[in-house]
Each structure stands twice: as structure tokens, then as C-alpha cells.
Amino acid sequence: MLSKAASRLSGLASRKARVGPSFLTKPLLNSSVDMDSDIYSAPPILEPLYLALTPSLKRGRWDQPADKSVAVLDPTVFKHPIRRDILHLCVVHHRDSLRQGSANTKTRGEVRGSGRKIRRQKGSGKARLGDAQSPMLRGGGVAFGPKPRDFSTKLPRKVIEMGMRAALSAKLKERHLGVMTRLYWPNGKTKHLAQRIDGLGLRKTLFVSGEPVVHDGLERAIRNIPLVKLVRAKDVNVYELLKWQRVVLDSKAVDYFEEKLRRANVPTLPVPEPPAQEVTRSASA
């Protein structure tokens with residue numbers, strides 16, 4: 001008996017020596033994860049975007065020439081990934097809000113007429129009928145017809161902001177986005193402004209002004225020009241940005257969009273300070 005027990009203990013000892021400690025035989029957690037994978041890599045640092053200025057409608061005395069100036073755009077606003085699903089949601093949301101929902105039909109209880117039974121229930125050889133307002137008869141009510149309703153839908157604010165970033169980024173990527181120093185016109189004459197717009201090739205353009213009150217001369221002059229529209233930055237939406245072929249912002253509109261849509265948690269490179277005579281800085285990254 002003692003010899004059998006001794007041989008059993010010696011066999012267990014030799015087996016432990018071959019296998020090693022028990023905690024080393026268990027697989028290590030996350031041992032197959034590559035340290036160079038995306039979960040360990042730092043987020044990319046975005047560089048500011050530089051865009052040549054579009055010549056102004058009317059250059060002021062102290063405005064820098066457009067060919068010697070550039071606009072610095074925030075990459076978190078104007079270099080956002082193009083999300084077609086988000087753009088579709090924003091467009092549908094806006095168009096739903098435009099629906100009047102005023103369609104209205106009368107039911108058999110609302111149609112004018114007597115409630116007398118047309119004919120007796122049995123014995124006539126015809127189908128049974130009630131009053132003349134039955135939906136089966138000409139001039140009767142409508143069964144399950146439309147009634148006034150509200151077609152507007154709800155969309156989270158962050159989704160709408162993402163749609164604005166995607167729309168502005170899509171216009172910039174397509175090279176259909178321009179930036180002017182300011183939107184100004186001295187008088188309300190439509191003829192001269194139309195000639196200036198044609199000279200710049202800015203037909204089918206949406207002009208977006210960041211001013212709280214648009215200049216009265218520009219607003220009156222541009223009102224009668226076809227294929228051109230002027231809106232304020234706080235009134236523009238994703239549908240308008242996508243509808244128009246070209247979008248032109250002024251410097252204050254750029255500042256407004258960057259203030260409202262900037263993402264603070266994305267690292268960006270600082271903008272170098274160039275001489276004020278050469279570059280007009282519309283916004284910092």
C-alpha cells in the first residue's frame with residue numbers, strides 16, 4: 001500500500017513539473033490584440049482648410065482684394081464625412097414640415113340631407129339602403145376620407161447639426177461653395193446687380209448672410225433676379241443647401257456656422273498667423 005501511494009505521488013509531481021503552474025496553462029485575456037490596431041491609435045489631427053475668396057458683389061474701400069486673400073475654415077464643420085442617410089433624414093424632416101395637411105372630406109354624418117330611409121328593408125327586390133348620405137350613393141359621404149392632420153415629424157437636434165455639417169462639406173468637396181468678405185450692394189437697382197452676378201457666373205446661387213439684418217439695398221435688388229436667393233444664416237437648412245447648385249457665404253456666416261456646429265472634442269492643428277495684409281482669416285480652427 002505504501003509503495004502504491006508513493007508511486008502515485010511521484011507521478012503527480014512529475015506531471016506538474018512537465019505541465020508547469022496551473023495559472024500559466026490558462027489563456028491570457030486580449031493576448032491576440034495587436035497594439036497597432038485602431039483601438040490603441042490616437043484620433044487623427046485635422047488640418048485647417050484654406051479656400052480662395054470669391055470676388056465681392058461690391059468691394060468696399062477697406063476690403064482686401066479677393067485674389068490676395070483666403071478664408072480659413074474649420075475642418076470639423078467643412079470636412080465632415082458625407083452621410084447620405086443623415087442628409088435624407090433632414091430633407092424628409094423639412095419637407096414634412098411644409099405639408100399643409102388641410103385635406104378634408106365629409107362623412108355621412110356631415111353631409112346635408114334627410115335621415116329618412118330610402119325604401120323599405122324587404123320586399124323591393126333591391127339591396128337594402130338607409131338614408132341618402134350613405135357612402136355607396138352618389139352625393140353621399142366619404143368613407144375613411146382624409147381629415148386635417150399635422151404631417152410634421154421630429155428629428156433630434158444633433159442629427160440636424162450633423163446634416164448641416166455634411167451638406168456644407170459636400171458643397172465644399174464638389175467645389176460649389178464660395179466665401180465672400182461681405183454681402184453688400186449700395187442701392188436697390190436690380191439691373192446692375194444682375195449684370196454683376198452674371199459677370200461673376202453666380203447664377204443658380206444661394207447667398208447666405210451672417211448679418212442679423214440683411215442690407216436693405218441688397219435684399220430689394222436681389223429679390224427680382226431669377227435663379228438667385230438671399231437668406232440669413234440662422235434661417236438656412238439642409239434642404240436649401242442641397243437644392244441650390246452653388247452656395248456663397250460671407251465671412252460672418254462662416255463664423256456663425258463654425259460657432260454653432262464646431263466639434264470641440266476633435267483635435268485640430270492651430271492656424272498660423274499670416275500678415276493681415278495678405279490673408280483674411282474668417283475663423284480659427
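The model is predicted, so local features need pLDDT of at least 70, side-chain atom pairs count only at pLDDT 80 or more, and totals for chains, interfaces and linings use all residues. Residues are numbered from 1 along each chain as its sequence is written, and side-chain values use heavy atoms, with hydrogens and water left out.

I'll start with the core. By nonpolar core I mean a set of buried Ala, Val, Leu, Ile, Met, Phe, Trp, Tyr and Cys residues joined through side-chain atoms within 4.5 Å. Buried is under 20% relative accessible area, exposed is over 50%, and partly exposed is in between, with a 1.4 Å probe and protein chains only. The largest core has 33 residues, and those touching the most other members are Leu 73, Phe 78, Val 208, Leu 241, Leu 249 and Phe 257. Helix H5, residues 157–173, contributes the most to this core, with 6 residues. Helices (H or I, at least four residues) and strands (E, at least two) are DSSP runs, numbered from the N terminus. Another core, of 17 residues, lies apart from this one, and Leu 57 and Leu 202 are among its members.

Next, helix H9, residues 251–261. Which of its residues are buried? They are Ala 253, Val 254, Phe 257, Glu 258 and Leu 261. These cover an arc of only 130 degrees around the axis, taken from the directions from the helix axis to the C-beta atoms, so they lie on the same side of H9. The face turned away from that side carries exposed Glu 259 and Lys 260. The buried residues of H9 are covered by elements including H5, strand S4 (205–209) and strand S6 (246–250).

S4 itself has 5 of its 5 residues buried. Thr 205, Phe 207 and Ser 209 are on one side, with Leu 206 and Val 208 on the other. Ser 209 has Arg 232 as its bridge partner in S5.

Last, the rings. The whole structure has 1 aromatic pair. The ring centres of Tyr 256 and Phe 257 are 5.8 Å apart and the planes are at 70 degrees, so this pair is edge-to-face. Rings of Phe, Tyr and Trp (its six-membered ring) pair with centres within 6.5 Å; planes under 30 degrees apart are stacked, over 60 edge-to-face, and the rest tilted. Tyr 256 is partly exposed at 26%, whereas Phe 257 is buried at 2%.

Note on methods
Contact = heavy atoms within 4.5 Å. Pairing = 2+ DSSP bridges.
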